[in-house]
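Visitor: Please take a close look at one part of this model, the open sheet, and describe what surrounds it.

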Amino acid sequence: MRVGVITFPGTLDDRDAARAVVAGGAEAVSLWHADADLKNVDAVILPGGFSYGDYLRCGAISRFAPVMNLVIEAAGKGMPVLGICNGFQVLCESHLLPGALTRNSDLHFLCKDQEIEIINNATAWTSSYKPGEKIVIPLKNGEGSFQCDDETLAKLEDQGRVIARYVGQNPNGSRNLIAGITNERGNVVGLMPHPEHAIDELTGPTAQGLGFFTSILNAMVK
Amino acid sequence: MTLDTVAVAQTTPDNVQPFAELGLKPDEYARIKEILGRRPTSSELAMYSVMWSEHCSYKSSKVHLKQFGEKAPKSDALLVGIGENAGVVDVGQGYAVTFKIESHNHPSFVEPYQGAATGVGGIVRDILTMGARPIAVMDPLRFGPADAPDTRRVLPGIVAGVGGYGNCLGLPNIGGEVTFDETYIGNPLVNALCVGVMKHSDIKLAKAAGAGNLVVLYGAKTGGDGIGGVSVLASETFGAGGSTKRPSVQVGDPFVEKVLIECSLEIFAEDLVVGIQDLGGAGLSCATSELASGGSGGMKVALDKVPLRDPSLSPEEILMSESQERMCAIVEPNKIERFLEICKKWDVTVTVIGEVTDGDRLEITWNGELIVNVPPRTVAHEGPVYNRPLAQPAYIDQVNSQKVNVPMPTTAAEIKAAVLKLAGAPNLADKSWVTAQYDKYVQGNTIQAQPDDSGMVRLDETTHLGVAISTDANANWSYLNPYQGAKLALAEAARNIATAGARPLAVTNCLNFGSPEDPGVMWQFAESVRGLADGCLEMGLPVTGGNVSFYNQTGSVAILPTPVIGVLGVIQDVRKRTPMSFKVAGLELFLLGDTEEDLAGSEWAFLHGVRVGQSPDADLAREMRLIELLLEGNAFFAAAHDLSQGGLSAGLTEMVLRHNIGATVSLANPAIDLLSETPGRVIVAIDASKTSALEALATKYNIAISKLGTTGGESLTINESVIPLTQLRETHTSTFPRLFG
């Protein structure tokens, strides 16, 4: 199976995401923001970084990239899409996911090994985990505080669309300790911490992030 | 506003020019006239003034720095030596690594965030310019007292600037230092190191060869930022009506730099450039004159073609602007089309501004009129050289003759208090408040980062080849004895790499000092350079390049002499590195190396306001034997941790807190054992079954070893003193949040 990894100008974790895709057992395909071409991929990852410098709201410019029109269209048809960090921000700006990521509550960029709990394993990207499973993966961002209105929050919670929560002290002021969410269909997932940086214990704090990249294989087999 | 062309200069020889305001001395101005056979035009004066500045010309340091060449050890590893943008070393398997440190001290005091950010940006472009992909950064930082109000202004801004720029570039920050001393108040030191990797065949040099080849400027547009004295020149020569005053600290745009990196690497991969130079200090003046003198010397540039952010800039200002994120390439005409295509793909502004010529003159025109006609070598390389007077300062004999007299702990309670005092001291306390603002994971190749002894990155995912880097300085020792201080810093940096199992290979340096016009400071500098050059020769490590920062001084008070030494080493298989701490109980802890009564320049003395005595003498032969022992012991060490500031006390604290595994240690002479900072010591943890193997190594390399104790438990227990890990951690980690919020 082919998993596309999009590079926007200013994307940083694209090669890391591609490495994780391969480690998960799929083929990684580079996608360029300016190309209106998904190259027949079966799933798409929007990796982390500072697309367009994040000088406007994070992700606000990237959502207008030609490739995003195709991503939005394909997501509507059920293609699995994972946005990590800046990718999560792009998905929110694209309205594929609700809410917004705002400045961390302590106003500093924060890089740490973060424990999260997988809440919903019924998505294309989390099926390798058990509900309630706790994993440690890197969190690294300046604008990772998940915010939305009360109505949206209630809906996300009621529909089981919170896929992962921070464990312990809230690292960035996210509502309900939300680390990641999914859309109603469960194919589009946004996640603030970085599973692609936790695929082996040599370069990451654990290998516990690999599950996101093996999950997608399961999703395709179905 | 009249244009001061070469023709005008020839007919108006007596025009008064503001050379003094631009920082040139009367004899330097006279030399320019002699070189040109006429008075310089205002544009030429602008170029000479920035290129002959201390920062660009190394005029006060050159006579000393040449020792790095004269005393260079024989090394097959050096592919590109001093003089290029950064040195390049062969690390095997066809890979070459380039690394360098630079200072951005003064701008960071004026505007902490932008000063630090553009410091990172500048050194990253130096590495990129060699043809390498930048793969990591480090940042040795020094500040005034931790609780000083100005430190609270400067430190958060500098840390945010280092992080803001490096994070946005996607470069992992793998190490550095944060040190406090009152002499750095008003003179914070921001040193930034970058390391990059390439294949041997990809090395690029700053040379403009081949008549007819094109001079191409690409990257950000040129603005009025970073112009120092030129406003003087503009106003005095041309009268009012030009551009307004602008900040002399450059403003960085890391997004543009990130795009510039990817664009450049794509251009390099297709072999589209003959030579390349980044635009840093002295901007276009530097890039054009260095490229031209790197070739045969001839180059024509149409300055009016330079794309501007501010159309009101004068030619002099354009030549001096230090706008960030710009590169200058020499491109063969048949490759320019592809070059432009790649720039277009990345939305990078690109302009052909001139061409290489047959002659030996750098000629710059403005709307067709000749405003610069100089031999480029005289601008770039043949600046003034000063042999400044130097004299051993009076304080040296005074401090060296005194004994360190500080209270030493004796009872169990006092020993516990001493360990906790060091654990929470700003110089030794946990630096997570700083390092959590830096991305250490990006690129996915970081094997070690702060708080490890060295930073380590993987170069090859298949062969597991990697490099390790450490930067060190002990300014207290350098103050007491600058010659020994430089050697000791070199030894410490090399040891920090070897503890992980990497073999030291090459050296870079950033020499931070006060005013070179003070003979005492100049003596400190000369002694430091002599010490480093002698040390490198003895250890067989070539100096690949470096940077000098003078004038770090407020009034008559200079900073402590602070030669920051960076050592790079190679590790064949990063999976087999020795970690800095132990993860299990029941291991045996040994100390490698003897402990003498070395309290002079120690953190314990510093905490008691004492900076007297004699620094230890560096025993580099022993350091080299210790390194060999560490490399061989790598096969069975469970952990190894270098001892430096804070001695055994700090070393044990860092080890037990790393994975929350305690230790029980018994010491014959706990006060000295814990607080002395005798160099050349390492704590190792081994399985008890490896004891005889360790003893055999110690005998083979003639290094003293002593048993310290065993790992395990929930406390650090030293003789009768029991320090619960929770208490030790609280003390170690609360200092920075308490000081900086």
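Guide: In chain A, nine strands form an open sheet in the order β2-β1-β3-β4-β11-β10-β9-β6-β7, with mixed pairing. Strands here are DSSP E runs of at least two residues and helices are H or I runs of at least four, numbered from the N terminus; two strands pair if DSSP finds at least two bridges between them. The edges are held by β2 (27-32) and β7 (134-141) of chain A, each of which has a single partner strand, so one side of each lacks a neighbour in the sheet. Averaged over the sheet and with direction ignored, neighbouring strands are turned by 25° against each other.

The model is predicted: local features need pLDDT of at least 70, and side-chain atom pairs count only at pLDDT 80 or more, while totals for chains, interfaces and linings use all residues. Residues are numbered from 1 along each chain as its sequence is written, and chains are lettered from A and ligands numbered from 1 in the order in which they are written.

A:Ile6 has A:Leu31 of β2(A) as its bridge partner. Helix α3 (residues 86-93) of chain A packs on the sheet, where it touches β3 (43-46), β4 (81-84) and β11 (188-191) of chain A. Contact means that C-beta atoms, placed from the backbone, lie within 7 Å. The direction of α3 makes about 120° with that of β4(A), axes being lines fitted to C-alpha atoms, for helices over the stretch in contact, and angles running from 0 to 180 degrees between N-to-C directions.

Helix α1 (residues 14-24) of chain A is mostly covered, with nine of its eleven residues buried. A residue is buried if 20 or more other C-beta atoms, placed from the backbone, lie within 10 Å of its own. Among the buried residues of α1(A) are A:Asp14, A:Arg15, A:Asp16 and A:Gly24. A:Gly25 follows α1(A) and has a positive phi, near 110°.

The contact between the chains takes 22 residues from chain A and 25 residues from chain B. On the chain A side, α1, β6 (110-118) and β7 each give two or more residues. The largest share, three residues, comes from β6(A). By class, the chain A side has nine nonpolar, eight polar and five charged residues; Ala, Val, Leu, Ile, Met, Phe, Trp, Tyr, Cys and Pro count as nonpolar, Asp, Glu, Lys and Arg as charged, and the others, Gly among them, as polar.

Definitions and conventions. Two residues are in contact if their C-beta atoms, placed from the backbone, lie within 7 Å. A residue is buried if 20 or more other C-beta atoms lie within 10 Å of its own, exposed if 12 or fewer, and partly exposed in between; C-beta atoms are placed from the backbone.
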